Amino acid sequence: MGTTQSGIHRGRLAPAEYETNFSDLHPRLDDHEALVAADRCYFCHDAPCMTACPTSIDIPLFIRQISTGNPIGSAKTIFDQNILGGMCARVCPTETLCEQACVRNTAEHRPVEIGRLQRYATDVAMTENKHFYERAERTGKAVAVVGAGPAGLASAHRLAMNGHDVVVFDAREKAGGLNEYGIATYKTVDDFAQKEVDYVLAIGGIEVKNGLKLGRDFTLADLTANFDAVFLGMGLAGVNALRAEGETLPGVVDAVDFIAELRQAEDKAAIPVGRRVVVIGGGMTAIDAAVQAKLLGAEEVTICYRRGKEHMNASPFEQDLAASKGVMIRHWLQPKRVIAKDGHVAGIEVEYTEMRDGTLTGTGETGVLAADQVFKAIGQSFEASGLGSLAMSGGRIVIDSEGRTSVPNVWAGGDCVKAGEDLTVTSVAQGRDAADSINRMLAAGAQPAVAVA
């Protein structure tokens, strides 16, 4: 058994266990299962599920197409609104979006499986290499897209459809952004993120330049000088600090880095994990890190969240998933001090919290959790340079209803803006809609109005 430091080891499991543990969380429905699932849909005229979808997919139509044996047509209905519909079907919290709005909940307390049906249709189309869109005649206009994540890819695809030349700049070695580096491995297996990138880029007219970072290799001024329009779709690169003594000790790890390393690992047994792991946070990243630590062979995994269960950003489904894998979730605890032994993590001192006059307050009562590895999953921040005078608010880029920023001919969307939830599907919608706005501006030959803080 390999060891990186006290209590943290590689290869905790037998090789076959890794394959089982990291298999597909929700395998694709087969043809018969899809027909049965589709048959439960009422095909509502004013479908609340469609309203609840950030990309406004015509859900009743795509499910009806599945029910009539036309999954390819169903996939086109999905891709018309969401070109990354395959990934969204895998990772979006459908239980709090479209499926929560499903009218089947009223009578049966069980919605139509919209997410799994969406995956079925898009998987069929991608497996059969069915492409539905062609580039329009070249316009001679060039657009720069910064960030090859969901927002950037959705924007680039829609711009290419309209005949514009698109250059995508991304700081990472691979395109995909959060879909490639930030999603739990068991949610998107078989290198699906890269297959989806290839599917999106197949339309042509999109060049991806990897390893180029805004503020280091170029500035926003460089882009506005050389392109007719710019779309900023960067993710959140900064990780919030615990603000607790000892957080720089070996064994204290950023959860996003752990998830990214696991996603890129050819051999999951090579990823070290502690025997006792504590995860600080209450969002999807905390759940993903905790569950995967357990799947790597950690004996005890505890999530500590400073508020109550109902305040967690992770959906009830995700919380139940963690519990089903043996993760303990403890509420009303905040980190106070990481405890060291021989220079490494040995535990974490936590303080109980409560709401007092509407404010989260420490009670002064403390306790210690034994741990040899601590994951920080308390949110990310937007860190970017080279933006010049671009208006910001609350640490994010200011945009208007069309995604326009304070700088003429510059749009933004995705996690770098504060508009809607930080979800893959929201980023796709913002990238798509910004591309439509850019296209209207380029077609009219006029500069857009300017968003102000």
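The following dialogue explains how to read several side-chain features in a predicted model.

Biologist: On what basis are the features of this model reported?

Modeller: The model is predicted: local features require pLDDT of at least 70 and side-chain atom pairs pLDDT 80 or more, whereas totals for chains, interfaces and linings use all residues. Residues are numbered from 1 along each chain as its sequence is written, and side-chain values use heavy atoms, with hydrogens and water left out.

Biologist: In which strand does Glu349 lie?

Modeller: Strands are DSSP runs of E with at least two residues, numbered from the N terminus. Glu349 belongs to strand β14, which covers residues 344–356.

Biologist: Is Glu349 buried or exposed?

Modeller: Buried means under 20% relative accessible area, exposed means over 50%, and partly exposed lies in between, with a 1.4 Å probe and protein chains only. Glu349 has 14% relative accessibility, so Glu349 counts as buried.

Biologist: With which side chain does the side chain of Glu349 make a polar contact?

Modeller: A polar contact is a pair of N or O atoms within 3.5 Å; within protein, one must be able to donate a hydrogen and the other to accept it, and residues adjacent in sequence count only if both atoms are side-chain atoms. Here the partner is the side chain of Thr366, at 3.5 Å. Contact in general means heavy atoms within 4.5 Å. Leaving aside neighbours within four places in sequence, the contacts of Glu349 include Gln334, Arg337, Thr366 and Val368.

Biologist: How many aromatic pairs are there?

Modeller: Rings of Phe, Tyr and Trp (its six-membered ring) pair if their centres lie within 6.5 Å; planes under 30 degrees apart count as stacked, over 60 as edge-to-face and the rest as tilted. The count is six aromatic pairs. In one of them, Phe132 and Tyr133 have ring centres 6.2 Å apart and planes at 70 degrees, so the pair is edge-to-face. Phe132 is partly exposed at 21%, while Tyr133 is buried at 16%. Ring pairs also join Phe79, Phe132, Tyr133 and Tyr199 into a cluster.

Biologist: How many disulfides are counted?

Modeller: A disulfide is a pair of cysteine sulfur atoms within 2.5 Å. The count is zero. For Cys41, the nearest cysteine sulfur is that of Cys44, 6.2 Å away.

Methods
Helices (H or I, at least four residues) and strands (E, at least two) are DSSP runs, numbered from the N terminus.
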